[in-house]
Amino acid sequence: MSEQIILVDENDNEIGSGEKLEVHQAGQLHRAFSILVFNSLGELLIQQRAKGKYHCPNLWTNTCCSHPRVGETILEAAHRRLIEEMGFDCDLEVKGNFIYKSEFVNGLTEHEFDYVLVGEYNRDIKINPKEVEDSKWIKLEDLKLEIDEYPDKYTPWFKIIINKYF
């Protein structure tokens, strides 16, 4: 069965659900989350999206991001995906949210009501190669310089998050 994600209005009120790929083809506003995990040195864990991803393959982005399933809270979904993608879990807190829309060359559109969650973790990670090509810890100052110099290497939502929250 295909994955159903939650459609929302501009105030994050649920208005229905839709099949994930079809929602992205139609550019419908849907609920999502982006996780940023830091270590005790203040470094951010970022990932390079797997080359098989249906949009933004090989681009660098925040620690983990996805969509809650129907009937799943943001925090439940965030913990599930953190384990599935990065092989660990940690305490998370919601830092804020924002709406963005980004169209991709393959005809798909991300139109998300995106929750930003932050956590701290200091142990080993075990990336899922189906989801993640690579990962690294990076200081925010270095990340901001890299984004300024090579903006096309980063996902659109990640650039918004770094600019808005950090």
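How many aromatic pairs does a search of the whole structure find? The search finds six. Keep in mind as you read that this is a predicted model. Let us start with some of those rings and then walk through the helices, the cysteines, a loop and a pocket.

## Rings that meet

One of the pairs joins F98 and Y100. Their ring centres are 5.7 Å apart and their planes stand at 35 degrees, so this pair counts as tilted. Both of these residues are buried. Y100 also pairs with W157, again in a tilted way, with 6.4 Å from centre to centre and 35 degrees between the planes. Here the two partners come from separate parts of the chain: Y100 belongs to strand 7 (residues 92-103) and W157 to helix 4, so their pair ties together parts that are 57 residues apart in sequence. Taken together, ring pairs link F98, Y100 and W157 into a cluster.

How buried are the two partners of the second pair? Y100 has a relative accessible area of 5%, and W157 has a relative accessibility of 2%. Both count as buried because the cut-off for that word is under 20%.

K136 lies over the face of W60, at 4.8 Å from the ring centre. Likewise, K153 lies over the face of Y150, with 4.5 Å to the ring centre.

## Two helices with a buried face

Which residues of helix 3 are buried? They are L140, L143 and I147. Seen down the axis of helix 3, they fall within an arc of 55 degrees, so they too line one face of their helix. The face turned away from that buried side carries the exposed residues E141, L145, D148 and E149.

Between helix 3 (140-149) and helix 4 there is a loop, and Y154 sits in it. Is Y154 buried or exposed? With 3% relative accessibility, Y154 counts as buried.

## Cysteines without a bond

How many disulfides are there? The count comes to zero. A disulfide needs two cysteine sulfur atoms within 2.5 Å. For C56, the closest cysteine sulfur is that of C65, and at 8.8 Å it is too far for a bond. C65 is in no disulfide either, since its nearest cysteine sulfur, that of C64, is 6.4 Å away. Burial is something to check for these cysteines as well: C56 is buried at 8% relative accessibility, and C65 is buried at 14%.

C56 lies in the loop between strand 4 (43-49) and strand 5 (60-61). C56 is not a glycine, yet it has a positive phi of about 55 degrees. N58 lies in the loop between strand 4 and strand 5 too. Phi of N58 is near 70 degrees, which is also a positive value in a residue other than glycine.

| Residue | Relative accessibility | Class |
|---|---|---|
| W157 | 2% | buried |
| Y154 | 3% | buried |
| C56 | 8% | buried |
| C65 | 14% | buried |
| N58 | 36% | partly exposed |

## The largest pocket

Finally, look for the largest pocket, which has a volume of about 280 Å³. Its lining is made by 22 residues, and K20, K53, C65, S66 and H67 are the ones that lie nearest its centre. The elements that give two or more residues to this lining are strand 3 (30-38), strand 6 (64-66), helix 2 (74-86) and strand 8 (109-120). Which element gives the most to the lining? That is helix 2, with four residues.

Notes. Residues numbered from 1 in each chain as written. Predicted model: local features only at pLDDT ≥ 70, side-chain atom pairs only at ≥ 80, totals over all residues. Heavy atoms only, no water. Buried < 20%, exposed > 50% of the residue type's maximum accessible area, 1.4 Å probe, protein only. Phe/Tyr/Trp six-rings, centres within 6.5 Å; stacked < 30°, edge-to-face > 60°. Lys NZ or Arg CZ within 6 Å of the ring centre and 35° of its normal. 1 Å grid on protein atoms, 1.4 Å probe; cavity = no way out; pocket = protein on both sides within 12 Å on 5 of 7 lines; lining within 4 Å. Points joined across faces, edges and corners; volume = space filled by probe spheres on them. Arc of directions from axis to C-beta.
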